[in-house]
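Please examine the sequence and the structure before reading on.

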Amino acid sequence: MRTTTVIIGAGHAGLAMSRCLAERSIDHVVLERGEVANSWRTERWDSLRLLTPNWQSRLPGFGYDGEDPDGFRDMPETIAFITRYAKAIRAPVETHTTVTSVKAMDEGYRVSTDRGSWETKAVVIASGACNTPSVPRVADLVPAGIDTLTPMEYRNPEQLAEGGVLIVGASATGSQIADEVHRSGRPVTLSVGEHVRVPRVYRGRDIEWWMDRCGVLDERYDEVDNLDRVRSLPSLQLAGSEDRHTVDLNSLTAIGVKLIGRLAGIQQGTAQLSGSLPNVCALADLKMNRLLDRIDEWVLENGLEGTVEPAHRFEPTRVEASPPLGVDLTSGEIRTIMWATGFRPDHSWIEVPVFDRKGRIRHDGGVVEAPGMYLMGIPFLRRRKSSLIDGAGDDARDLSAHLAGYLARNRTAAGAPREVGTGPGVSWR
Ligand SMILES: Cc1cc2nc3c(=O)[nH]c(=O)nc-3n(C[C@H](O)[C@H](O)[C@H](O)COP(=O)(O)OP(=O)(O)OC[C@H]3O[C@@H](n4cnc5c(N)ncnc54)[C@H](O)[C@@H]3O)c2cc1C
C-alpha cells in the first residue's frame, strides 16, 4: 500500500496532525495498534481525571462545548472526547494495526505492520510519550514477599494487598495514587525526589488558567536555556477533582501519608534514602513562589489588581528536619511498592538511525534528523504545553507546515511530479 504520510498512533496528537494534513489535502493514514484513544482506554487507573480543565482540551477545529468548562474529565469522558474528535475530522484511522518497523527506502519509508506494509514519503511518530513505565534498577533488589507494580498496572486500591504501601515518586501520578491508596486504609509512605509543586487554585482561578494567560505554556523550545533539563522535568504535582482540592505534600501529610527522601538504593532488605528531602521540598516551594510572582506581575501589568482575589503565599511544605535515612523492607510493614517514577516512549520499532546515546530520538522541535520524519507528543517538543492535549494543535500546525514544505521541495528536486491528487501536489500513490 502507498500513501504520502503515515501517522503512527491515534491519540490526540496523531489525530491533531491528521486534521492539519487533511486541511492541506495531504494524503495520509493513521495506524493505531488498538482503538482510538488506546492509552486512555488501557493504561490508566479507574479514578483518574484529567488534571487539565475541560476548556483546556482544545484540538484543531474542536473546542469544549459542554456546560462545565472548569470541570475535569474522567476516563470515559476523555475517551469519548477523543473518539468524537476522530469522527468529527473523519480521520483515516486503521485500528488494530501495530507498526512493527519503520525503515528508510530510497525515497521515503517502509512502515511494516501486523496487517501489511505501507510505502510513504513522510512519517509522523505520534505513538505517545508514556508507553513504558520507567522503573529504577534498584527494583531488582526488592526483598521477596513484597508485591511491586507500576501505575500502568494499577487500577484501584482493592487490587493491592492489605498493609503498607511504599510509593516511589511524588509527581502527578505518585501523589494522586498516594492520596487514593492511603484513603483506602493502606498506610502510604511516599518517597519524594525532585517535584514541581503548584496549587490547584490561586487568586480564585485555576493554575492552568493562569499559566495559559501568562504565556507560561506557550514558552518555546528554542527560547529556553536548558532544553534537555526542561524536557526531563517531572510532571506538575496536580490533580483534577470535582471539588478542585489541591493534592500536594501538605495535603498528603494532613491525611497521614508519611514522607521519606528519594530512594537511593536497597541493601540487605533496607531501602536507603537520600537525606535531601527538606532541600527538594524547599526548592519546590521556591519554584512555586516564582511562578506565583510571575502571575502577580502579570495581574499588575494587565490592570487586573482588584478584579481577582488578592495575592498570597501558601504554607511551605512541612517536612521533618531529619527524615529517616532507611526503611526496613523486611519488617512486614510495607506489603507493596509502586514505582511512580515516570514513563518513557517505546520507539524500539524505528529502524532508522535517529537515536542519541540515551536512546532518544534526535529532533529539532519535532523535525527528526531523518528527511520527512516528524515527532509529536513529547514533553516540550516545541512548547511547554506540547505533552498536553492542548499543546498538540499548535505543534501539529507547525509541523504539518514543515512537512508540506518538505514534500513540495522533494517533488521539485525529483523533477517531474510523481504525484496525483487534488492538494498542493502532495498525494503520492
Ligand atoms: C497518567 C497520565 C495522566 C495524564 N493527564 C493528562 C491531563 O490531565 N491533561 C493532558 O493534557 N495530558 C495528560 N497526560 C499527558 C498526555 O495527554 C499523554 O501523554 C498523551 O497520551 C500523549 O498523547 P499522544 O497522542 O502523544 O499519545 P497517546 O495518547 O499515548 O497515543 C499514542 C497512540 O499510539 C499508539 N501506538 C503506540 N505504539 C504503536 C505502534 N507501534 N503501532 C501502532 N500504534 C501505536 C497507542 O496505542 C496510542 O493510541 C497524561 C498522561 C499520563 C500518562
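The text below treats the ligand site and then the sheet.

**The ligand site**

The model is predicted. In it, 29 residues surround the ligand, and the closest are E32, S39, L51, T52 and I389. By type, this shell consists of 14 nonpolar, 12 polar and three charged residues. Two helices, α1 (12–23) and α2 (38–42), each contribute at least two residues to the shell. The largest share, three residues, is supplied by α2.

| Residue | Distance from a side-chain N or O atom to a ligand oxygen atom |
|---|---|
| E32 | 2.6 Å |
| N38 | 2.9 Å |
| S39 | 2.6 Å |

How much of the ligand does the protein bury? Taken alone, the ligand exposes 970 Å², and 94% of that area is buried by the protein.

**The sheet**

Three strands, in the order β16-β17-β18, make up an open sheet with antiparallel pairing. Why is one side of β16 and of β18 left without a neighbour in the sheet? β16 (263–267) and β18 (326–328) stand at the edges and each has a single partner strand, so one side of each has no neighbour there. From one strand to the next, the twist averages 20°.

The pairing can also be followed at the level of residues. Strand β17 (residues 270–273) runs antiparallel to β18 and is joined to it by three bridges. For A271, the bridge partner in β18 is V327.

Definitions and conventions: Residues numbered from 1 in each chain as written. Predicted model: local features only at pLDDT ≥ 70, side-chain atom pairs only at ≥ 80, totals over all residues. Heavy atoms only, no water. Near = heavy atom within 4 Å. Polar contact = N/O pair within 3.5 Å; in protein donor to acceptor, adjacent residues only side chain to side chain. Areas by Shrake-Rupley, 256 points an atom, 1.4 Å probe, with all protein chains shown as cover. Helix = DSSP H or I, 4+ residues; strand = E, 2+ residues; numbered from the N terminus. Nonpolar A, V, L, I, M, F, W, Y, C, P; charged D, E, K, R; others polar. Pairing = 2+ DSSP bridges. Axes fitted to C-alpha atoms, helices over the stretch in contact; angles between N-to-C directions.
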